[in-house]
Amino acid sequence: MIRISRHEAPIFTALKRTSFSFAFELRYLPRERPAILDALYPADRTRERVAFRLKTLMTRMLADKKRRDDELERRKKMPDKATGTDLGPDVFGDLVEPVRSFLDDVTTGPPGTNGRPFLFLASAQPPDDASRTVHFHRQPKWDYEFEGVTTSLRVPEQNRIIELRLRDSFCAFESGRLFYILTLTQPEKQPQPIDEYALIQLQQLALSPKTGAIDTACAAFSFSGIEKQSVSLAAFAEQRLRALETDPDDMLCNGIRHIIKPYGLGGDGLERRKIEGAHLQRLCIGVEDDRLLAVAEHAIDMFKPVENVIGTTSAAPGEQTAEPGVPLVERLDLAWRKRYVGKPVRPPFHIAGKAHYSRPLLTFAGMAQGVPDFPAQDESEVHDSTRPTARSVESALFTHPRFMMEVAKAWRSYQRGRPALGTCPYLLLTFLVAVHDELVVTELENRIERMIYAASPPKTVWRRIRGAGQWVRTLWRRAWDQPSPFLHSRSRPMADVRDVLDRANHWFVTDVGILESNLRRRLELFRWTSIHRSGNIFRYPKEKNALTEVRVATGTDERFRNAHDMVDRMESLIEDVSNLKSSYAERRTNAILFGLAALGLIQLPANMGQSWEMLLRMPRVVAFLQSWGVEPKPMVEPVQESRPAKSS
């Protein structure tokens with residue numbers, strides 16, 4: 001493999017208002033117990049999966065807050081004016097209200113309404129507290145691979161440690177899913193600027209979470225900038241969660257000790273699984289920068305739209321429109337070229353041999369899609385990368401399968417939300433709902449796939465006997481025949497239902513267990529996926545349209561429709577098979593009843609004779625018949641045996 005080395009050559013060197021929200025899915029599972037208990041109690045309902053009732057939870061929290069406030073008001077009227085430290089901290093006011101004050105106005109109802117989640121802060125520590133200082137450590141060089149070439153980018157020494165602020169929160173959905181949102185943002189006062197390379201580096205953590213989020217080769221993090229304690233992103237999130245769980249200060253609110261455990265979102269025999277790279281679901285990026293938005297708008301509008309042969313919008317090569325951002329783009333590109341192009345540096349700067357577009361456009365296209373090799377992008381790549389998911393007068397939203405990025409100017413909601421959440425509350429809520437729905441539809445598809453390809457009928461006694469015979473035959477074939485090398489890639493779709501159809505006319509095979517198992521799977525599918533899809537929780541056009549467009553861009557709407565159509569077809573087929581089996585059973589039952597009736601008709605004369613003989617043995621019946629002048633006689637005369645005449 002070819003390997004080259006380059007120096008970073010940033011153009012956006014003064015990004016001072018950025019936020020990076022990493023969404024980790026928390027998993028609270030029952031504590032592990034001995035295998036003997038699992039064998040004795042396999043259907044223990046206390047250990048099964050549960051959903052959340054967010055409306056009830058909010059009602060209880062509001063009642064607790066009112067009770068606490070009433071007690072404080074009562075104590076204020078007392079002569080000694082006792083303090084309320086024994087009442088505990090104001091959980092609702094410190095953790096819930098700072099978020100609820102933003103979201104109640106733009107959504108259709110409180111948490112639990114139309115799928116709206118419950119979003120609350122992870123800690124009530126002041127925004128400028130020293131414990132919230134985080135340092136992002138960039139290694140002296142980091143690698144990326146593109147088209148068979150590995151490029152090693154060297155990071156300038158002054159850009160290797162970047163100071164950030166921690167703003168974390170939790171988000172619970174009624175489906176039972178719980179997320180930990182680790183948000184890193186630049187300080188509001190005297191922020192250390194970052195550039196596009198640092199931003200793309202953080203995007204790489206979300207692009208490959210199973211490797212990037214557990215490795216420090218690309219990025220590492222530490223509290224208070226202690227370099228020796230720098231760890232991977234997943235380990236950093238685990239450190240933070242453990243600190244919240246073991247915090248000895250009972251009067252300082254934190255989301256785990258004062259909401260998750262006491263209100264049933266975790267705890268009660270459950271334990272949290274350690275954060276791993278696979279738990280990182282997505283990344284949400286917010287950037288407030290006038291220059292970057294101007295470049296984004298120019299990139300969006302530079303292609304003159306034309307209608308192609310299939311009726312969709314595409315770009316005419318080379319045709320551009322006169323945009324207000326063009327002079328700015330040209331100035332940025334000129335300043336960048338003076339700084340880097342033609343400089344005798346070894347290794348050279350990160351510049352493509354022949355660039356198709358100006359550096360600002362190429363850089364923004366790379367930021368919108370998380371592509372480190374952005375200098376080598378061609379026209380179609382720039383066009384596709386810079387198409388926004390949603391756009392307003394002051395912002396542009398871009399969606400990637402692994403992250404979401406919004407660029408804006410004079411972003412009031414972003415500025416007001418940074419001290420508490422670290423980013424714009426509306427952007428974060430849109431992001432979380434989209435991530436949740438994507439996880440739900442993924443689970444829906446996985447359950448359908450298991451129903452189709454991994455169907456395993458219940459083990460009845462008859463099936464165990466047949467299975468033993470098949471096991472013996474399999475051993476025999478393996479002993480004499482070459483096993484198939486494609487067992488891992490071949491399957492029998494819906495084999496259980498097909499087996500029911502094949503045996504529908506069998507006399508002593510009911511297959512009720514197979515149909516019951518399939519029905520149970522469809523019920524579980526409906527319980528945990530179909531009913532937990534979020535609606536459009538926003539009521540203002542900007543946020544409502546943004547969520548709609550994000551769902552279209554990520555394909556969740558289409559995936560939900562396709563999955564439910566598949567379930568409907570499967571249900572129709574299973575119903576037809578069940579009806580056919582019932583028809584065969586009804587026909588067999590009718591045949592048996594007809595045979596029994598025919599047998600009864602054949603035996604009717606003999607039965608009637610026996611009944612008459614029994615009546616004749618009853619004295620009262622005989623007397624009654626004689627009183628009417630009837631001499632009772634048997635229905636069948638006894639056969640007289642012929643005897644030979646005696647010889648004289």
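Which are the buried residues of helix 8? This note takes up that question after a word on the model.

1. **Basis.** This is a predicted model, in which local features need pLDDT of at least 70 and side-chain atom pairs count only at pLDDT 80 or more, while totals for chains, interfaces and linings use all residues. Residues are numbered from 1 along each chain as its sequence is written, and side-chain values use heavy atoms, with hydrogens and water left out.

2. **Overall fold.** The protein chain contains 20 helices and 17 strands; these are DSSP runs numbered from the N terminus, helices being H or I of at least four residues and strands E of at least two. Of its 648 residues, 44% are buried (under 20% relative accessible area, with exposed meaning over 50% and partly exposed in between; 1.4 Å probe, protein chains only). Among contacts (heavy atoms within 4.5 Å) with a separation of 6 or more, 74% join residues 24 or more positions apart.

3. **Helix 8.** This helix covers residues 290–301 and has 12 residues. Its span from first to last C-alpha is 16 Å, close to the 16 Å expected at 1.5 Å a residue (the expected span is 1.5 Å times one less than the number of residues). The buried residues of helix 8 are L292, L293, A294, V295, A296, H298, A299 and I300. Their cover includes strand 12 (280–288), helix 9 (326–340) and helix 10 (359–369), together with strands 15 (390–391), 16 (395–399) and 17 (403–408).

4. **Cysteines.** The whole structure holds 0 disulfides (pairs of cysteine sulfur atoms within 2.5 Å). For C284, the closest cysteine sulfur is that of C424, 8.7 Å away and therefore too far for a bond. C284 counts as buried because its relative accessibility is 1%, and C424 counts as buried at 2%.

5. **Helix 18 and I574.** I574 belongs to helix 18 (residues 556–602) and is buried, with a relative accessible area of 4%. Leaving aside residues up to four places away in sequence, I574 touches V497, L515, N518 and R522. L501 is 73 residues from I574 along the chain, yet their C-alpha atoms are separated by 9.3 Å.

6. **W507.** This residue lies in the loop between helix 15 (495–502) and helix 16 (512–528). W507 counts as exposed because its relative accessibility is 53%.
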